[in-house]
Every structure is written in C-alpha cells, then in structure tokens.
Amino acid sequence: MSSPTTRLLTAQPQEISTAADLLKEGQLVAFPTETVYGLGADARQTNAVEALYAAKGRPSFNPLIAHVHSVETAQRHVIWSDIADTLAEAFWPGPLTLVLPLREDHGISPLVTAGLNTLGIRIPAHPAARALLSVLDGPVAAPSANPSGRISPTTAAHVIAGLGGRIAAIVDDGPCGVGVESTIIGLATGTPLLLRPGGLATEEIEAVLGHTLHLRDASDPLTAPGQLLSHYAPRASVRLNVTTPQDGELYLGFGAMECDLNLSASGDLREAAAQLFGHLHRLDARAQPIAVAAIPETGLGVAINDRLRRAAAPR
Ligand code: TXA
Ligand code: MG
C-alpha cells in the first residue's frame, strides 16, 4: 500500500481519531511510544500487516509485537498466567513485552506471529500511543518505524527520513523518553526467559520475580526468532570499547571525556539510552567510521551494549 504523501498528525484527540481511522482502513501509521516510534498496522488485518513488512523491507520470519491499551484487551488474544499478571501489574504500561501462548480464538493475523503459536504483547506508556490504542480498541502490530536493519527512530523526523512516502501518516509527539526498545520476556515455557534486553532493566524484573532471569537459547528458533545479529546499522563501520579513536573516526563518548558526541557526560545510563539512537543517526549522517567508548554492562547499559554490538556486527 504505497502512500505518495505521508500525513503528519499531532497527538490532539481529533488527529488521534484520524490515525485510528487510517489503521481501521488497513493503512500504516507511525506513532510514538516511550521506547521508540512504532510503525503500526491493525494486527487483525493480514493485508495491512503484509504492507507493513513490505514498507520496512522486513523478513517475514521476524514476528511483530502487538500493542494494546489494557490487560483485558491482551487477554482476548493470549493465554494469561500468574507470572504475566505479576509482571503486568508491576510494569505495564511500560517498556516490557511479554511473549505468551496464543489463545485458540486469538483473531491475530498469522503474519504478525510469523506462524508461531505465541504472541509478543505490550501496553506502551506513551500517552499518544495509549490514546490511539484505546480509540481503536484493538491490537496494533508495531515494529520500530525504520527500514529493516537500520537505526531505530526516536523522533518523527527519523521516521520521515526512513519511511516518508511509504506510509499513510505519522503521529508526531516529540522525542521518545526511554530511547531503546522494550525488554522482551518469554513466558511461553515453564521458566521466564530474557529474549531481548531493553528499556526496562533486567534487575528490576528480577527484583519483582524474586529470582534471576534465564537467557534465551540463541540456537532455539522458538525463543529467538528474528534476533538478527546485524541490526541498528549505520552506513559506516562501528568499533566498540574504544579508548583512543583513530584519525577519521567520529568518537561517541560516555562519561567525562573529549569526544564528538557524548551519550551522557555525567555517566547516566538512562540518559545514554535516551540519546543512543539520536546520536547514531547524527553520526550516520556524517558517513564516517564510528568509534564508541565502553559502556558499563549494568541496568540500561545491557540494552545499550546489545544494540551497539548489533550496530558493529559484520553485515
Ligand atoms: O519497544 C519496542 O518493543 C518497539 C515499540 C514500537 O513497541 N517495538 C519493537 O519491535 O522493537 P521490533 O519489531 O523492532 O522488535 C520486535 C522483537 C523482534 O526481535 C522479534 O523477533 C521479537 O520481538 N518477537 C516478536 N514476537 C515474538 C514471539 N512470539 N516470540 C519471540 N520473539 C518475538
Ligand atoms: Mg526494530
């Protein structure tokens, strides 16, 4: 479904209802969440979801996250559990995705789950996203609103640069506060699994569960569909854990240091997460190799390092 012009909408109620109407018609609408901008399609409409994969150039074996506005809506689609309840109570709305078994009468297009019998689902915290989802009153499949494999968008300008002209509309409500995608927890097997580190620190989840989280088995296609190694990739090469950048490299710093751009001069990992993709977009525009300072592997640093390793991975 090509859209020669992409409409820019605000988060005013009238325009949110326009965005909901477009989704109902099977069109693609990008919208802000607290993590990154998502590219939305009505998760019940196979044609819309097909157009979404096409607009992003996303391989169709990589399943999508369904976004809903309430736990009751989530329960229409997935088999709920006590652990789901505990985590939803503690962290929804927020940057947490739960992977749960699909109900028999789930109503979700099989393209959303890439044929799996589980669904990734979350309630985002961003007010514009919540307004849109509650007007629509249905599940919205939304990957990050970037061409597949490239840097995720944290502003509407990033979305326009990557997908402008290929989607019906963008709801612009400023930059995203968290800045990295949601943490994904698998609850489809007996034990909760960390499928992707993200905007909710693992330590916070472990504190609520009362035990440490097991990691996904990277060789198991059911726990790790579409976790592609090369991702978030700027056009130029990326080198990690650099203390001394080479001539011609742009230096992305962390903490008090001399550099071209700093993720957080005060060494604050939340600030660094919020700045990460914006800084990568800025450095990418200069088309020079990028060197990145070391980031601590704790709290949101785990998600930041995960995204940086994928940005630096061989293509
Ligand atoms: O914060 C976020 O999660 C953002 C915003 C827009 O909500 N969305 C996002 O979507 O990051 P995306 O498509 O870029 O990443 C979704 C990830 C993929 O790595 C996919 O493999 C995984 O979720 N995923 C989706 N459904 C799954 C399932 N049933 N089982 C395991 N992994 C799943
Ligand atoms: Mg993505």
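This is a predicted model: local features need pLDDT of at least 70, side-chain atom pairs count only at pLDDT 80 or more; totals for chains, interfaces and linings use all residues.

Q: How do helix 1 and helix 5 sit, parallel or oblique to each other?
A: Helix 1 and helix 5 are oblique to each other. Residues are numbered from 1 along each chain as its sequence is written, chains are lettered from A and ligands numbered from 1 in the order written, and side-chain values use heavy atoms, without hydrogens or water.

Q: What's the angle between helix 1 and helix 5?
A: About 55 degrees, with the axes of helix 1 (residues 13-24) and helix 5 (residues 127-136) 9 Å apart. Axes are fitted to C-alpha atoms over the stretch in contact, with angles from 0 to 180 degrees between N-to-C directions. Helices are DSSP runs (H or I, at least four residues), as are strands (E, at least two), numbered from the N terminus.

Q: Which residues of helix 1 and helix 5 make the contact?
A: Helix 1 brings Ile16, Ser17, Ala19, Ala20, Leu23 and Lys24. Helix 5 answers with Ala128, Ala131, Leu132, Val135 and Leu136. Contact means heavy atoms within 4.5 Å.

Q: And how do the residues of that contact divide?
A: Between helix 1 and helix 5 there are 9 nonpolar, 1 polar and 1 charged. Nonpolar is Ala, Val, Leu, Ile, Met, Phe, Trp, Tyr, Cys and Pro; charged is Asp, Glu, Lys and Arg; the others, Gly among them, are polar.

Q: Now helix 4 and helix 7. At what angle do the axes cross?
A: Roughly 125 degrees, and the axes of helix 4 and helix 7 come within 10 Å. Helix 4 and helix 7 are therefore oblique as well.

Q: Which residues of helix 4 and helix 7 touch?
A: Ile83, Thr86, Leu87, Ala90 and Phe91 come from helix 4. Glu204, Ile205, Val208 and Leu209 come from helix 7. By class, helix 4 and helix 7 put 7 nonpolar, 1 polar and 1 charged residues into the contact.

Q: Switching topic. How many aromatic pairs are in the whole structure?
A: A search finds 2. Rings of Phe, Tyr and Trp (its six-membered ring) pair with centres within 6.5 Å; planes under 30 degrees apart are stacked, over 60 edge-to-face, the rest tilted.

Q: How are tryptophan 80 and tryptophan 92 arranged, stacked or tilted?
A: Tilted, at 6.0 Å centre to centre and 40 degrees between the planes. Tryptophan 80 is in the loop between helix 3 (71-75) and helix 4 (82-91). Tryptophan 92 is in the loop between helix 4 and strand 5 (96-101), 12 residues apart from tryptophan 80.

Q: Is tryptophan 92 buried or exposed?
A: Buried, at 9% relative accessible area. Buried means under 20%, exposed over 50%, partly exposed in between (1.4 Å probe, protein chains only).

Q: What about tyrosine 232 and phenylalanine 277, stacked or tilted?
A: Stacked, at 5.4 Å centre to centre and 10 degrees between the planes. Tyrosine 232 lies in the loop between strand 11 (214-215) and strand 12 (238-239), and phenylalanine 277 in helix 8 (residues 269-285), so the pair ties together parts 45 residues apart in sequence. Tyrosine 232 is buried at 5%, and phenylalanine 277 is buried at 0%.

Q: Where is alanine 201?
A: Alanine 201 is in the loop between strand 10 (193-196) and helix 7 (202-209). At 9% relative accessibility, alanine 201 is buried. Leaving out residues up to four places away in sequence, alanine 201 touches Gly299 and Leu300.

Q: Last one: what does valine 302 touch?
A: Pro197, Pro296 and Glu297, not counting residues up to four places away in sequence. Valine 302 lies in helix 9 (residues 301-312).

Note on methods:
Angles under 35 degrees count as roughly parallel, over 145 as roughly antiparallel, 65 to 115 as roughly perpendicular and the rest as oblique.
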